[in-house]
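Keep the viewer open while you read.

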Amino acid sequence: MSKKKKYYVVWHGTEPGIYASWDECRSRVEGVTGAVYKAFNTAEEAEEAYYGHAADYMGKKESRMPSAPSPASREIGTANPPSWRTDTVLPLPPEVTADALAVDAACSGNPGQMEYRGVYLKTGQEVFHFGPVYGTNNIGEFLAIVHALALLKQKGVNLTVYSDSRNAMLWVKRKQCRTKLPRTPRTEELFCLIARAEAWLKNNTYADIPLLKWETRRWGEVPADFGRKG
């Protein structure tokens with residue numbers, strides 16, 4: 001009797017995705033601290049799980065994931081990572097890979113003095129920072145993503161990039177910053193940066209660099225947040 005086929009979801013490993021064999025899955029989780037993965041009986045179940053949240057599948061039958069606390073007890077916002085997370089200095093959820101850049105922007109007023117930055121999740125190090133310059137938060141989020149993509153492309157490194165801005169991610173997908181900010185002498189410098197970012201998106205390939213939404217409601221503020229809310 002033939003063995004029933006399984007499908008394997010890797011949320012955290014060297015290459016997150018859905019795999020049709022254990023060997024493919026194993027090659028992406030072996031040696032990865034805190035690897036998060038699980039087997040499913042059908043491709044449909046695997047796809048639903050992959051685009052969901054790993055924590056929802058913890059403790060269920062066939063789970064191969066290490067034990068971890070529930071989302072409510074993940075210690076988001078504390079100074080140190082939880083004891084079950086050893087691959088980062090930050091308190092990251094289990095479904096978030098630490099070998100990644102998180103980006104964010106801040107704006108004093110909107111429009112106002114805007115700046116953005118990128119943070120490496122494994123170490124908490126600020127990798128790049130730009131501003132302040134007169135602009136909007138959405139423009140900053142867009143430029144931050146493009147900055148991260150261009151930097152990784154330049155270095156030949158395919159890290160995941162996390163952003164909490166759906167608008168900015170959509171603009172990157174369309175390769176166009178669809179801002180309504182007027183172009184004036186005051187914003188001319190910023191619009192030159194936007195044009196350069198749009199040109200980079202149109203002239204480069206970067207599909208091998210995962211761009212993922214940071215789920216703020218579940219995970220807390222993105223680690224690149226400037227901490228100026230409220």
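This is a predicted model: local features need pLDDT of at least 70, side-chain atom pairs count only at pLDDT 80 or more; totals for chains, interfaces and linings use all residues.

Let's start with the open sheet of three strands, which are ordered E2-E1-E3 and pair in the antiparallel sense. Strand E2 (17-19) and strand E3 (36-40) sit at the edges with a single partner strand each, so one side of each has no neighbour in the sheet. On average, neighbouring strands here are turned by 20° against each other, direction ignored.

Zooming in on one pair, strand E1 (residues 7-12) and E2 are joined antiparallel by three bridges.

Helix H1 (residues 22-29) lies across E1, E2 and E3 and runs at about 15° to E1. Helix H2 (residues 43-50) also lies across E1, E2 and E3, at about 10° to E1.

Val 119 stands opposite Glu 126 in E6. The hairpin of E5 and E6 has four residues between the strands, and Gly 124 takes a positive phi near 80° there.

How many of the nine residues of strand E5 are buried? Eight of them are, so strand E5 (residues 112-120) is largely enclosed by the rest of the structure.

**Two residues that touch this region**

Is Phe 226 buried or exposed? Phe 226, found in the segment after helix H6 (216-219), has a relative accessible area of 17%. Buried means under 20%, so Phe 226 counts as buried. Phe 226 touches Asp 104, Ala 105, Ala 106, Glu 115, Tyr 116, Arg 117 and His 129, leaving aside residues up to four places away in sequence. Phe 226 and Ala 106 are 120 residues apart in sequence, yet their C-alpha atoms are 6.4 Å apart in space.

His 147 belongs to helix H3. With 28% relative accessibility, His 147 counts as partly exposed. Leaving aside residues up to four places away in sequence, His 147 touches Tyr 116 and Phe 128. His 147 and Arg 117 are 30 residues apart in sequence, and their C-alpha atoms are 8.9 Å apart.

Tyr 116 turns up in both stories: Tyr 116 is touched by Phe 226 and is touched by His 147.

| Pair | Axis separation | Angle | Handedness |
|---|---|---|---|
| H3 and H4 | within 8 Å | roughly 55° | right-handed |
| H3 and H5 | 10 Å | about 45° | left-handed |

Take the pair of helix H3 (residues 137-155) and helix H4 (residues 166-174). At that angle, H3 and H4 are therefore oblique to each other. On the H3 side, Asn 138, Ile 139, Glu 141, Phe 142, Ile 145, Val 146 and Leu 149 make the contact, meeting Asn 167, Ala 168, Met 169, Trp 171 and Val 172 in H4. By class, the residues of the contact of H3 with H4 are nine nonpolar, two polar and one charged.

Now the other pair, H3 with helix H5 (residues 188-203). H3 and H5 are therefore oblique to each other too. H3 brings Ile 139, Phe 142, Leu 143, Val 146, Leu 149, Ala 150 and Lys 153 to the contact, while H5 brings Leu 190, Leu 193, Ile 194, Ala 197, Glu 198, Trp 200 and Leu 201. The contact of H3 with H5 holds twelve nonpolar, no polar and two charged residues.

Key: Residues are numbered from 1 along each chain as its sequence is written. Side-chain values use heavy atoms; hydrogens and water are left out. Two strands pair if DSSP finds at least two bridges between them. Helices (H or I, at least four residues) and strands (E, at least two) are DSSP runs, numbered from the N terminus. Axes are lines fitted to C-alpha atoms, for helices over the stretch in contact, and angles run from 0 to 180 degrees between N-to-C directions. Contact means heavy atoms within 4.5 Å. Angles under 35 degrees count as roughly parallel, over 145 as roughly antiparallel, 65 to 115 as roughly perpendicular and the rest as oblique. A crossing is left-handed if the near helix is turned anticlockwise from the far one by less than a right angle, and right-handed if clockwise. Ala, Val, Leu, Ile, Met, Phe, Trp, Tyr, Cys and Pro count as nonpolar, Asp, Glu, Lys and Arg as charged, and the others, Gly among them, as polar. Buried means under 20% relative accessible area, exposed over 50%, partly exposed in between (1.4 Å probe, protein chains only).
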